[in-house]
Amino acid sequence: MSTPVDLPRMDRRKAIQWMLSTAATVAARDTGLHAAESTTTAPPLAKGYGPDPSMVKVYQPGDVWPLTLSEPQRRAAHALCDVIIPADASSPSASSVGVPDFIDEWISSPYPAQATDRRIVLEGLKWIDDEASRRFKKVFAELTDEQQTAICDDLCHPAKTKPEHKAAAAFFKRYRDLTAGGYYTTAEGMKAIGYVGNVASATFDGPPLEALKHVGLA
């Protein structure tokens, strides 16, 4: 079970830089979501960072756009992130690397795609707290791991989703995409999947034998 007692916020500058760098990763969206979208949710009133943001500026709350999540919503967001990517023996949980703050920045920004996600995430977090209260008499963040998993299991298998859970399942899929997109663009997430990236080397030994065999060159 997540611990909803201490949810420090990530530095605003770092969160915005992270959101910008992740935009391409999580931009692709399930076309099925559009059926559940509406145009009634207006984006927050803010100018945004414009076409050429300052990546070295130290942003303060309200400088770019106001954040969206209330404290109860943040608790639900933290708990759901950790159901999707919990800590294990080799990698930290999604909440421990700040993914809920990334999602808060993402849905708070005044751009069309993110504004659509804003409605999906806010309605989904409300649904998951309401569902937790209906089933277990507590909000989602206060449930046991097994209780949280039981709710998410009803949402994560499209072929098994009940008709009354279709909208919640669409939210869960989008939230899972945002969580994974945020997590796997952190240093911890890249390490978890073995991504090395560009590393300086004093020598070049060429492709390994396994790679050459894979493409039929050895």
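Helices are DSSP runs of H or I with at least four residues, and strands are runs of E with at least two, numbered from the N terminus. The model shown is predicted: local features need pLDDT of at least 70 and side-chain atom pairs count only at pLDDT 80 or more, whereas totals for chains, interfaces and linings use all residues. Residues are numbered from 1 along each chain as its sequence is written, and side-chain values use heavy atoms, with hydrogens and water left out.

**View 1. H157 in the loop between α5 and α6.** This loop joins α5 (145–153) to α6 (166–183). With a relative accessibility of 38%, H157 is partly exposed (buried is under 20% relative accessible area, exposed over 50%, partly exposed in between; 1.4 Å probe, protein chains only). Its C-alpha lies 8.2 Å from that of A169, twelve residues away in sequence.

**View 2. R74 in salt bridges with E71 and D101**. A salt bridge places a side-chain nitrogen of Lys or Arg within 4 Å of a carboxyl oxygen of Asp or Glu. R74 and E71 pair at 3.7 Å, N to O; both belong to helix α2 (residues 71–84), about one helical turn apart. R74 is buried at 4%, whereas E71 is partly exposed at 36%. D101 also bridges to R74, with the closest N and O atoms 3.3 Å apart. This pair connects helix α3 (residues 99–108) to helix α2 across 27 residues. D101 is buried at 8%.

**View 3. The salt bridge between R174 and D117**. The N to O distance is 3.0 Å. R174 in helix α6 and D117 in helix α4 (residues 112–136) are 57 residues apart. R174 is buried, with 2% relative accessible area, and D117 is buried at 0%.
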